[in-house]
Amino acid sequence: MSSYQIREYRDADYADMRLIYSTGFREHAGTVYLQALQWAQALLCGVFLLLQVFFVSFLTCIVSIGGVLLVIRILVQYFFKQGIQLGLSEDLLDIRSSYMQTGCKSCFWVAEEKGSIVGTVGILPCVEEPGAWELKRISVKWEFRGRGVAKALCKAALEFVARHNVRRVVLFTSMVQTDAHKLYNTIGFQKEEEFVWPSLPGRLIEFIVFKYAHRNSTVISF
Ligand SMILES: CC(C)(COP(=O)(O)OP(=O)(O)OC[C@H]1O[C@@H](n2cnc3c(N)ncnc32)[C@H](O)[C@@H]1OP(=O)(O)O)[C@@H](O)C(=O)NCCC(=O)NCCS
């Protein structure tokens, strides 16, 4: 029997909810750094050759390449920080007004175990696709993963939309969130579109965003 329970968000969950979102988001920075390095291979070779042409010592070449690697690392960390701040200053700034207004077809849930919040999920009308609802902010604390917490959270959200006659549920994820892709397939979502994240860093490293939609668009069920 599971020892966690899924329940609607309460104001006292605020700090934990924000921490779970931030840590879940940040953990993908390493994978994005590796992706950026693949893109930077040509740049690194170019720097190396240029320095060789100017008869710079081998040690200086190595130090310069180390410098380029460090700059890429700092840039990736910077963009992740920006991404986290964006989420925290958008819907996650005020869960009540973003998700829990009376009469609105939106809601936010948490998973609680022994008095602590271990996972989150929300659902609300999709800005990018009017008429559809979007599953957002799915994140589970590292040490509670693999026990069906995310699945139970998504079940609560999908049962909620089924009760409110919502016909279409979508979500956005990225190429690095591979555990989430498995979860989405398991609970009946299917990849519908993929596109490069529309931004300069996104284009530079070809960072792909996926749009998933629930397979059963006439009656959402789980
Ligand atoms: C994605 C995430 C929410 C999954 O949470 P979780 O509680 O471990 O997931 P569950 O235990 O409910 O697993 C549900 C299903 O997902 C799949 N799955 C999840 N993690 C998996 C993993 N590491 N390896 C293989 N399958 C996995 C399985 O199919 C599983 O179904 P099954 O148990 O019937 O086989 C969690 O890894 C997470 O918080 N990641 C960081 C934040 C993130 O990337 N969020 C997604 C934003 S788009």
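Which residues in H1 meet which residues in H3? Let me hold that for a moment and begin with the model as a whole.

What we have here is a predicted model, in which local features need pLDDT of at least 70 and side-chain atom pairs count only at pLDDT 80 or more, while totals for chains, interfaces and linings use all residues. Residues are numbered from 1 along each chain as its sequence is written, and side-chain values use heavy atoms, with hydrogens and water left out.

The protein chain contains 7 helices and 7 strands, where helices (H or I, at least four residues) and strands (E, at least two) are DSSP runs numbered from the N terminus. Along the sequence, their order reads β-α-α-α-α-β-β-β-α-β-α-β-α-β, and the C-alpha atoms fill a box of roughly 70 × 35 × 35 Å along the principal axes.

Now to the domains, whose bounds come from an automatic or database domain assignment: domain 1 covers 4-10 + 101-214, and domain 2 covers 26-88. Their centres, taken over C-alpha atoms, are separated by 31 Å, and the contact (heavy atoms within 4.5 Å) takes 11 residues from domain 1 and 9 residues from domain 2. Between them the two domains bury about 870 Å², with 69% of it on carbon and sulfur atoms; buried area here is the accessible area, with a 1.4 Å probe, that two parts lose on being put together, summed over both. On the domain 1 side, Val 176, Leu 204 and Ile 205 lose the most area to domain 2, together 53% of what that side buries.

Let me turn to the helices. Helix H2 (residues 29-53) packs with helix H3 (residues 58-89) at an angle of about 150 degrees, their axes 9 Å apart, and H2 and H3 are therefore roughly antiparallel (over 145 degrees) to each other. The contact of H2 with H3 has 19 nonpolar, 4 polar and 1 charged residues.

Helix H1 (residues 14-26) also crosses H3 at roughly 150 degrees, the axes coming within 10 Å, and this pair is therefore roughly antiparallel as well.

That brings us back to the opening question: Arg 18, Tyr 21, Ser 22, Phe 25 and Arg 26 in H1 meet Phe 80, Gly 83, Ile 84, Gly 87 and Leu 88 in H3. By class, these residues divide into 5 nonpolar, 3 polar and 2 charged, where Ala, Val, Leu, Ile, Met, Phe, Trp, Tyr, Cys and Pro count as nonpolar, Asp, Glu, Lys and Arg as charged, and the others, Gly among them, as polar.

How values were computed:
Axes fitted to C-alpha atoms, helices over the stretch in contact; angles between N-to-C directions. Parallel < 35°, antiparallel > 145°, perpendicular 65-115°, else oblique.
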